[in-house]
There are 2 protein chains.
Amino acid sequence: MERDFFQSAFNSLKGNSWLDGLFGLEKENIRVDKRGNMAQTLHPKVFGNKLKHPYITTDFSESQVEMITPPLPDIRQALGFLETIHDIVSLELTDEYLWPQSIPPILPDDELIPIAQYGEDGKADRQYREFLSQKYGAKNQMFSGIHFNFSFSDKLLQTLYSKMNPPLTFEEFKDVAYLKTVRQLLRMRWLYILLYGNSPVVDSTMTLQCKLAPYPIDHNVVALSIRNSCYGYQNIGELYPDYSSVINFKSSIDQMVREQKLVAPKELYTPVRPKFINGPDHISYIELRFIDIDPLTKAGITKEALHFLHAMCLYGLLSDEADVFEANAQSKANKYHGGVALYGLNTPPSVVDENGVQFNIWQKASTHIQEMMDLFQKLEIKNDDYLKSLLHSRYLVENPKKRNVFNVLEGILKIGYIPYHMKMAHDYLEESRLKDYNFIGLEDMELSTQILLREAIRRGVSFEILDRKENFIRLVKTGNIQYVKQATKTSLDNYASILAMENKLVTKKILAEHGLRVARGSEYTNAETAKSDFNLLQGQPVVVKPNQTNFGIGITILKENRDELTFQRAVDIAFEHDSTILIEEFIPGKEFRFFIIDNEVVGILHREPANVTGDGLKTIQELVEMKNQDPLRGKGYHTPLEKIQLGEAESLFLNAQHKHFDTVPEMGETIYLRENSNISTGGDSIDYTDDIPASYQRIALEAAKALNVRITGLDMMISEPAQEANDHNYAIIELNFNPAIHIHCHPFKGKDRKLNEKLMDALGYWL
Amino acid sequence: MERDFFQSAFNSLKGNSWLDGLFGLEKENIRVDKRGNMAQTLHPKVFGNKLKHPYITTDFSESQVEMITPPLPDIRQALGFLETIHDIVSLELTDEYLWPQSIPPILPDDELIPIAQYGEDGKADRQYREFLSQKYGAKNQMFSGIHFNFSFSDKLLQTLYSKMNPPLTFEEFKDVAYLKTVRQLLRMRWLYILLYGNSPVVDSTMTLQCKLAPYPIDHNVVALSIRNSCYGYQNIGELYPDYSSVINFKSSIDQMVREQKLVAPKELYTPVRPKFINGPDHISYIELRFIDIDPLTKAGITKEALHFLHAMCLYGLLSDEADVFEANAQSKANKYHGGVALYGLNTPPSVVDENGVQFNIWQKASTHIQEMMDLFQKLEIKNDDYLKSLLHSRYLVENPKKRNVFNVLEGILKIGYIPYHMKMAHDYLEESRLKDYNFIGLEDMELSTQILLREAIRRGVSFEILDRKENFIRLVKTGNIQYVKQATKTSLDNYASILAMENKLVTKKILAEHGLRVARGSEYTNAETAKSDFNLLQGQPVVVKPNQTNFGIGITILKENRDELTFQRAVDIAFEHDSTILIEEFIPGKEFRFFIIDNEVVGILHREPANVTGDGLKTIQELVEMKNQDPLRGKGYHTPLEKIQLGEAESLFLNAQHKHFDTVPEMGETIYLRENSNISTGGDSIDYTDDIPASYQRIALEAAKALNVRITGLDMMISEPAQEANDHNYAIIELNFNPAIHIHCHPFKGKDRKLNEKLMDALGYWL
């Protein structure tokens with residue numbers, strides 16, 4: 001295989017397909033108490049078995065939370081996923097925080113650093129950690145960082161393979177591609193460290209040791225990335241595998257084990273690792289491990305940095321290699337990278353390159369970035385995220401003091417290493433609390449699905465998004481596979497029951513047969529017949545409405561129903577909107593949503609139309625603007641509540657009450673701005689779960705049983721919610737087979753009823 | 001209560017609501033062998049326990065099948081239901097027929113008439129029949145007839161009740177209404193017998209006995225309705241209950257029992273009976289029992305006769321009563337009715353009425369009918385069925401020889417009593433065979449639902465149509481309640497699996513994960529990306545198509561796919577029809593539908609586009625017309641196959657083959673008239689259940705298991721149906737969650753795969 005083998009790839013493919021790949025992230029954060037001491041508590045029990053949780057586990061120490069995303073099809077999703085895991089872990093901690101820095105917080109003495117605990121099935125894991133602790137020192141295991149797992153998409157590689165037509169099997173071709181990428185990244189990882197390294201100082205409790213010349217140094221060192229320097233976590237001595245082929249790579253490591261330089265292959269630390277998950281013979285993906293946690297962002301890394309890493313992978317695959325990268329070259333490169341990590345902070349140093357030549361590092365960085373930009377242009381990749389990342393990186397080369405590490409150092413200088421990072425940790429926890437309903441990166445999905453997926457992460461349930469637009473997901477945990485659409489369409493209910501709920505005629509018939517009260521009524525397809533039923537309905541309050549209706553159009557409520565002409569007019573109006581109309585008894589009262597899961601009412605909610613309450617001073621407009629400040633209110637259904645609009649509908653509705661946006665309501669006066677109570681038009685959701693007498697709940701459960709349903713949102717009119725149910729003070733309106741859960745979790749007033757947790761229980765994913 | 005109490009009802013309600021009611025029919029037919037001998041075989045075992053089957057049981061004799069419809073909201077439905085039960089019973093008999101006449105066929109001696117057999121739980125029923133046999137003679141129990149069960153709708157009665165505002169409870173009001181109707185019908189049943197009586201002669205094996213003066217008479221008697229005369233089935237002696245109130249009615253019958261005139265109240269025979277099903281205190285409906293089987297129609301009674309009976313009920317309710325109808329009046333009326341039954345055939349007799357006055361019976365009949373017509377006009381009822389019935393009845397009064405009984409007598413005169421009725425029985429069996437897919441009266445429902453309901457009847461599963469338009473039914477048998485929509489949407493499948501089948505992306509993903517072959521492909525929302533994938537797909541046969549498509553519009557098949565410009569053009573064409581397109585591998589072969597129920601392939605079907613096969617003589621048009629003669633072909637989806645059209649689409653398709661409707665195909669040449677194979681456009685359904693290698697069936701079952709579905713219609717492309725399946729000669733297209741069953745039951749070529757039976761098995765309604 002010649003070195004410029006991949007040159008022909010340029011002609012094989014043009015365009016954004018070059019960006020196809022899978023992206024995974026791993027991040028470690030040490031749990032700390034509010035003073036910045038490493039926590040001595042156990043890993044949160046809620047996350048269960050460390051060896052089985054797909055997203056949340058520990059690394060070396062019991063206090064070192066490790067967060068892992070699955071491979072995802074783009075960087076935004078991977079980053080959002082990581083941040084969401086971070087949120088979930090943060091919210092689960094009591095008086096503890098996630099330490100936002102690769103360099104450890106206040107550490108106790110080595111022997112007091114709690115090594116991760118495992119049960120019987122984790123004995124080997126525990127023993128290996130004890131071995132590492134002895135060989136490298138426990139404190140040296142406490143460096144934390146981010147790993148970026150990357151694979152080119154199979155489709156991309158297959159296209160290249162079929163166009164380049166090399167004398168290799170497809171698997172061999174993949175190995176060649178990945179090994180070249182690994183070598184190139186090992187050669188130029190200094191470029192990333194130079195721009196995005198961010199582990200500049202250590203706490204006085206930290207012990208630093210250079211692995212190349214093992215002696216402790218002063219902890220007052222200030223550097224660009226201590227973690228990536230020889231003081232960071234590295235093997236003792238120089239260990240350089242053979243990256244020329246998969247076979248050579250494996251046997252070179254086996255050789256190190258035979259020579260007892262390592263106890264096992266996994267002890268080998270390399271900043272970029274080929275990974276073998278589909279059998280030992282071929283590379284599945286590569287892992288980039290030289291990434292410092294960025295204290296300036298909750299997720300620990302920015303979108304720009306990640307896009308830059310991906311751009312480096314492509315650049316690595318397609319750029320010319322300088323040499324065959326044998327041990328000697330690796331050793332030189334290693335020292336060079338270590339130099340950048342140690343000295344890359346302040347000076348534009350003259351560095352000696354792998355070949356002993358002195359040069360200006362900024363000049364070299366600039367050249368690389370220019371080549372990357374040229375490459376993207378040549379490949380006809382058009383993507384703003386990557387363009388921004390490359391431009392930002394070039395800007396950092398041109399303005400080295402704008403690197404995030406300087407921002408961090410400035411903060412440390414002002415208030416101290418521990419207080420600075422603790423302040424950031426505090427802020428991030430507040431951020432996590434504020435948007436505890438979102439799954440970052442999946443904000444286009446329904447909120448109900450987002451909060452269900454958050455709970456999946458919490459419980460260690462793997463998931464996959466099968467159809468994003470449709471909110472169709474798959475959940476998997478220990479053999480329990482569940483397909484779920486829109487959070488509440490599940491395997492728990494049988495199709496016939498769903499169809500019975502969907503058909504209002506059928507629903508009512510079944511409920512009535514079970515002695516439950518429904519709005520009685522009849523369907524009519526003929527105005528004459530409907531009108532003649534005045535005889536039967538005279539004097540009874542009725543609603544005359546088109547069979548299908550939106551927003552109450554064509555509906556007449558006749559509370560007295562004594563006048564035949566008015567009745568006939570109502571029938572005519574309804575028939576103007578549909579060829580089938582319904583005449584139903586009018587049920588006075590308030591409508592409540594009963595959310596039922598498995599014979600339990602898990603939430604009761606009342607929705608009120610958009611409204612404000614006066615203070616005697618502010619106008620309606622001002623009151624609306626104030627109410628809209630609530631972070632739960634947004635636009636476009638990405639928040640649990642919607643902002644109240646000041647539009648034509650609201651204006652008309654106020655006018656009908658002889659009010660305007662400028663009217664000043666009296667103190668305590670409630671002004672409604674809409675007739676309908678939909679959340680989507682600014683309505684309020686008010687939790688009544690603890691406030692509705694049990695008799696109504698029993699009725700709701702009987703209804704669910706009558707229709708043989710396990711999950712439903714039942715709507716009930718209740719005349720006097722304070723009184724127990726009797727035969728004439730309620731009526732069931734309908735049962736919804738796809739009720740939203742988020743409105744019960746994040747109501748305007750009241751408690752989070754944790755329906756996402758209850759749903760996961762029902763699906764068999766118990767905590 | 002005054003006699004003209006119901007006069008005020010006229011002002012309470014106008015219009016067709018007066019026709020609201022529930023209508024049920026019961027009919028007995030004696031099973032006979034092909035020579036007209038009463039069958040000595042057992043009641044068909046398939047109909048199970050006689051005491052539990054809601055539709056099919058026996059009456060007095062084991063050979064006397066009794067068919068019972070539930071109460072239904074209109075006469076057409078009730079009649080269709082009865083005819084459908086008749087069809088089902090007929091098709092279940094082997095070398096036996098249903099005797100289409102109230103007067104028995106060739107009977108053996110009394111002691112050889114098999115009394116209905118019952119198991120342990122039917123001991124009392126058996127004993128009662130033995131008692132009847134001894135008291136009245138077995139042959140006298142063999143008169144068969146039709147019962148018409150009728151109730152006014154509750155809505156109708158409630159409207160009257162609220163308008164008339166009588167000093168009664170609603171239940172009392174109902175009793176008053178029904179008792180008046182009963183009395184009036186008892187008074188004027190002669191009118192119905194006069195026009196529709198039809199039991200004119202008996203076989204020589206029959207024994208006739210007058211119950212009023214019990215001695216046998218000559219069996220050569222010829223009469224209008226022997227069954228309704230004193231020679232028919234009646235109690236011995238005169239027994240007249242008190243119809244003045246429910247309490248009086250009951251106590252008068254109890255008195256008869258005390259006096260040992262009856263062994264139990266049920267022994268009392270009255271031509272019209274009040275019925276008490278909702279407790280003993282109030283009347284639920286009334287039963288008219290004076291209806292002879294009409295040998296001229298398969299169902300045993302015409303629509304006209306039934307509408308006339310209903311009209312009589314309304315007339316009875318609303319017309320003035322002549323007297324208080326005590327025993328004396330009943331006795332006189334009885335003799336009078338008996339006289340009409342005996343002598344109403346030929347002469348316009350001067351009859352002595354209840355009061356001893358002589359009058360012309362035709363004149364009196366004419367007056368009644370005119371009053372009924374006046375009543376309908378006064379009530380503003382506008383309904384063609386009733387109008388036709390009344391006009392027809394008037395026509396019969398004016399043309400007595402046009403009564404059906406004369407038609408029957410003429411037939412008997414020509415070929416004899418037994419041969420005439422056997423010929424009719426034969427003809428009806430042929431009719432039953434011809435349309436064995438229809439549920440008469442429900443022909444507007446989907447065929448799949450119709451044949452499922454037929455099987456429900458066969459198995460004695462009660463059903464109710466919850467939403468007719470939606471084909472939504474409920475099945476009930478011994479505690480097993482099943483809701484079924486469109487025949488195959490049931491409780492057997494869970495909702496998540498339905499949603500997985502509905503979503504093609506999800507289906508394919510799951511199948512592929514299970515190692516099953518699907519048409520691989522990708523979705524595109526961007527033409528550029530799609531076009532760039534030519535690199536990947538070059539040289540592979542593909543189909544480029546809009547995501548949503550009808551009738552193949554916008555689809556391009558590229559079997560070679562070597563030319564990039566053609567590929568790009570195909571992408572552009574697809575994007576002209578949808579904003580999302582699919583590029584999938586092209587799978588050559590034939591498409592087969594695998595119908596799966598509970599891990600069994602119960603039917604495999606291939607659909608061919610509309611076609612004819614030449615004979616070297618006829619034109620395409622003539623061949624089509626000939627093929628369209630098949631009774632399985634109809635229009636508008638009411639038959640298993642549709643007629644081939646000779647329209648524009650067919651003409652264009654022929655033109656593309658340089659053919660026209662006038663072209664004469666060669667002997668054996670198959671000419672296709674459409675590209676698509678839909679049954680709806682004249683396609684043929686061809687059963688392949690026994691012709692597809694088991695390996696494909698295993699694949700289909702694996703697919704159903706992968707999606708966790710119990711009922712599905714799986715579509716598979718198979719390249720070479722004669723060869724076993726391998727990794728490249730098939731592909732699964734999709735799984736349908738609402739597959740039609742009728743196409744497998746009534747294919748163009750091949751066997752009835754009885755999917756209705758298999759579905760009932762799966763639903764737990766085993767035979």
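Predicted model: local features only at pLDDT ≥ 70, side-chain atom pairs only at ≥ 80, totals over all residues.

Colleague: How far does helix H1 of chain A reach from its first C-alpha to its last?

Modeller: Helix H1 covers residues 75-92 of chain A, which makes 18 residues. At 1.5 Å a residue, 26 Å is expected. The model comes close to that, and the reach is 26 Å.

Colleague: How far apart are the end C-alpha atoms of helix H6 of chain A?

Modeller: Helix H6 of chain A runs over residues 303-318 and has 16 residues. At 1.5 Å a residue it should span 22 Å. The distance in the model agrees with this, at 23 Å.

Colleague: How many residues of H6(A) are buried?

Modeller: H6(A) is largely enclosed by the rest of the structure. That follows from the count of its buried residues, because out of 16 the number is 15.

Colleague: What share of chain A as a whole is buried?

Modeller: Chain A contains 22 helices and 27 strands. Its C-alpha atoms fill a box of roughly 105 × 60 × 55 Å along the principal axes. Of its 767 residues, the buried share is 45%.

Colleague: How far apart are the C-alpha centres of domain 2 and domain 3 of chain A?

Modeller: The domain assignment divides chain A into domain 1 (5-434), domain 2 (520-585) and domain 3 (590-762). Between the C-alpha centres of domain 2 and domain 3 of chain A, the distance is 27 Å.

Colleague: What is the mean pLDDT of chain A?

Modeller: The model as a whole scores ipTM 0.90 and pTM 0.91. In chain A, 96% of the residues reach a pLDDT of 70 or more. The mean for chain A is 92.

Colleague: Which kind of axis relates the two copies?

Modeller: Two copies of a chain are related by a rotation about an axis and a shift along it. Here chain A can be laid on chain B by a turn of 180 degrees and a shift of 0.1 Å along the axis, with an RMSD of 0.1 Å. The copies are therefore related as by a two-fold rotation axis.

Colleague: In chain A, which residue has the C-alpha nearest the axis?

Modeller: The distance from that C-alpha to the axis is 2.1 Å. The residue is A:Asn494.

Colleague: Which helix gives the most to the side of chain A that touches chain B?

Modeller: The contact takes 39 residues from chain A and 38 residues from chain B. Several elements of chain A each supply at least two residues, including helix H3 (154-164), strand S12 (462-467) and helix H14 (504-513). By class, this side of chain A has 13 nonpolar, 16 polar and 10 charged residues. With six residues, the helix that gives the most is H13(A).

Colleague: Do the copies meet through the same surface or different ones, and what percentage settles the matter?

Modeller: The test is how many interface residues of chain A are also interface residues in chain B. The copies meet through the same surface, because that share is 97%.

Colleague: Is B:Pro108 buried or partly exposed?

Modeller: B:Pro108 is found in the loop between strand S4 (97-98) and helix H2 (123-136) of chain B. Leaving out residues up to four places away in sequence, B:Pro108 touches B:Met38 and B:Ile113. With 14 other C-beta atoms within 10 Å, B:Pro108 is partly exposed.

Definitions and conventions:
Residues numbered from 1 in each chain as written. Chains lettered and ligands numbered in written order. Helix = DSSP H or I, 4+ residues; strand = E, 2+ residues; numbered from the N terminus. Expected span 1.5 Å × (residues − 1). Buried ≥ 20, exposed ≤ 12 C-beta atoms within 10 Å, placed from the backbone. Contact = placed C-beta atoms within 7 Å. Nonpolar A, V, L, I, M, F, W, Y, C, P; charged D, E, K, R; others polar. Domains from an automatic or database assignment. pLDDT = per-residue confidence, 0-100. Least-squares fit on C-alpha atoms with pLDDT ≥ 70 in both.
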